Amino acid sequence: MKRREFLVVGGASLFLAACQTTQPKPDPEPVKPVQAQVPAAPTPRPKAKIGLALGGGAARGFAHIGVIKALETNGISPDIVVGTSAGSVVGALYAAGFGAFDLQKMAFQLEESSFKDWALFDRGLLKGEALEAFINKQVANKPIEGLKRRFAAVATDLQSGEPTAFSVGNVGQAVRASASVPGVFSPVVIRGREYVDGGLVSPVPARTARTMGADIVIAVDISQRPSGKKGGGSVDVLLDTIAIMGNKIADYELRDADVVVNPNIKGLPAGNFQQRHEAILEGERAGFGAIPRIREKLLAWDKR
């Protein structure tokens, strides 16, 4: 009995095996080519945005041109330019596309009378309209937002005492407001408010450059303490007084700067436009001296 069951079972197994061998085998699926995985190109790291903060200092502002010359010679191109007072004059022209040598040529050809439009029975000796017209002519009447570099001119709101950064609108008017030294220039009225020299509250506008998006801020400080030498005119005394008032504020603002450039212009009177050549040379000397520190900051940024 057990033998039969084995035979039956065994026969069934053979039958099933035979059936399986006689059934046609399905065609094998075609081999799909395997695509090589190409690694995605690495996303380029964004370059650091460089901000240039140009401080106030009247005729000492020609030193800014020398600093810009040093930067250009070393291939360092700021993305954001912010200026106070004299710094706003140089900064606006630089932001408009004038290079260092263009600015130097302009400085040597500039006549002091270009800025003098006497204001009778007003709150300043000069109106400042001549300065406004000069700047607008140089920038081809473009608005601030139409300049080649982002730019802002810092002025002081006479009602609130707060700094105001003009980053849109009339370039010449913004520069005029930023450079309106009280007692020398009449206050500038913009949208119903009066503005005077930005150096009263923001002598070196490093903080504004930072708030405008600069990753690395290069500040040029020409608001050095006066030498104490006698013989300066009334305008020199006024400008030195403003510089003394702004020294503590400048120290506070410069905390927002990564590199501070200090041209040695202590012996240059703030109201003497005849020593522009010396001011440019001192700015150039200080600018080249600051290049290693600037490169160090740029390298540290790239390694982040």
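## Basis of the model

Residues are numbered from 1 along each chain as its sequence is written, and side-chain values use heavy atoms, with hydrogens and water left out. In this predicted model, local features need pLDDT of at least 70 and side-chain atom pairs count only at pLDDT 80 or more, while totals for chains, interfaces and linings use all residues.

## Overall composition

The protein contains nine helices and 10 strands. Helices (H or I, at least four residues) and strands (E, at least two) are DSSP runs, numbered from the N terminus. Of the 304 residues, 46% are buried, where buried means under 20% relative accessible area, exposed over 50% and partly exposed in between, with a 1.4 Å probe and protein chains only.

## Helix 2 and its partners

Two packed helices are described by the angle between their axes and the distance between the axes. The axes of helix 2 (residues 63-73) and helix 9 (residues 276-302) come within 6 Å and cross at roughly 40 degrees. Axes are lines fitted to C-alpha atoms, for helices over the stretch in contact, and angles run from 0 to 180 degrees between N-to-C directions. Helix 2 and helix 9 are therefore oblique to each other; angles under 35 degrees count as roughly parallel, over 145 as roughly antiparallel, 65 to 115 as roughly perpendicular and the rest as oblique. Their contact (heavy atoms within 4.5 Å) includes Gly66 and Ala70 of helix 2 and Gly283 and Gly287 of helix 9.

Helix 2 also approaches helix 4 (residues 100-109): these axes come within 8 Å and cross at roughly 155 degrees. Helix 2 is therefore roughly antiparallel to helix 4. On the helix 2 side, Ile65, Ile68, Lys69 and Glu72 make this contact, and on the helix 4 side Ala100, Phe101, Leu103, Gln104 and Ala107.

## Helix 3

Helix 3 (residues 86-95) is mostly covered, with 10 of its 10 residues buried. Among them are Val89, Val90, Leu93 and Tyr94. Gly97, which follows helix 3, has a positive phi near 120 degrees.

## A strand hairpin

Strand 4 (residues 150-157) pairs with strand 5 (residues 163-166) in the antiparallel sense over four bridges; two strands pair if DSSP finds at least two bridges between them. Thr156 stands opposite Pro163 in strand 5. The two strands form a hairpin with five residues between them, and Gly161 in the turn has a positive phi of about 75 degrees.
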